[in-house]
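Subject: A structure for you to look at

Dear colleague,

I am passing on a structure that I would like you to open alongside this message.

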Amino acid sequence: MDPIKDIKKSPTPRKSARLITCPNCGNDSDFFEVADGVILTTHYVQNPDSSFTQKGDESQILGEIRFFCGECNTDLSQFHQRFLEMLF
Ligand SMILES: [Zn+2]
């Protein structure tokens, strides 16, 4: 009998996770992403019962995307690339 046979214990690769932390206030949980010059284009199809179904979102961002601390609004755009890599 091996009671832990079915428990797979794989080493967690998140050990050295680098949290994005606001250098100003230390916030590491709340952030804003702000995009300038956005054209929102949404494709809808009308159904026979006169309702609409959204088919797609073809929004374009023309301007800059900035990244801010959600607590003190410090510009954290230097971390934006890392934010995108960690966005799931
Ligand atoms: Zn902050």
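What follows is a description of the chain as a whole, and then of a few of its residues.

Please keep in mind from the start that this is a predicted model, in which local features need pLDDT of at least 70 and side-chain atom pairs count only at pLDDT 80 or more, while totals for chains, interfaces and linings use all residues. Residues are numbered from 1 along each chain as its sequence is written.

The pLDDT is the predictor's confidence in each residue, from 0 to 100. Its mean over the chain is 86, and 82% of the residues reach 70 or more. Among the elements of the chain, the lowest mean pLDDT, 90, belongs to strand β5 (residues 60-61), and the highest, 96, belongs to strand β6 (residues 65-69).

Read from the N terminus, the order of the elements is β-β-β-β-β-β-α.

A residue is called buried if 20 or more other C-beta atoms lie within 10 Å of its own, exposed if 12 or fewer, and partly exposed in between, with the C-beta atoms placed from the backbone. By that rule, 5% of the 88 residues of the chain count as buried. Two residues are in contact if their C-beta atoms, placed from the backbone, lie within 7 Å, and of the contacts in the chain with a separation of 6 or more, 51% are between residues 24 or more positions apart.

Strand β3 is hardly covered, since the count of buried residues among its five residues is zero. In the loop between β3 (42-46) and β4 (52-57) you will find Ser50, whose phi is near 75 degrees, a positive value in a residue other than glycine. Ser50 counts as exposed because it has 6 C-beta neighbours inside 10 Å.

Gln54 lies in strand β4 and counts as exposed, because it has 9 C-beta neighbours inside 10 Å. Leaving aside residues up to four places away in sequence, Gln54 touches Thr42 and Tyr44. The C-alpha atoms of Gln54 and Thr42 are 7.2 Å apart, although the two residues are twelve apart in sequence.

Asn27 sits in the segment before β1 (31-35), and it is partly exposed because 17 other C-beta atoms lie within 10 Å. If residues up to four places away in sequence are not counted, Asn27 touches Cys22, Cys69, Gly70 and Glu71. Asn27 and Cys69 are 42 residues apart along the chain, yet their C-alpha atoms are separated by 7.2 Å.

Finally, Asn73 is placed in the loop between β6 and α1 (80-85). Asn73 is exposed because 12 other C-beta atoms lie within 10 Å, and its phi is near 65 degrees, a positive value in a residue other than glycine. From C-alpha to C-alpha, Asn73 and Cys22 are 9.4 Å apart in space and 51 residues apart in sequence.

With best wishes

Definitions and conventions: Helix = DSSP H or I, 4+ residues; strand = E, 2+ residues; numbered from the N terminus.
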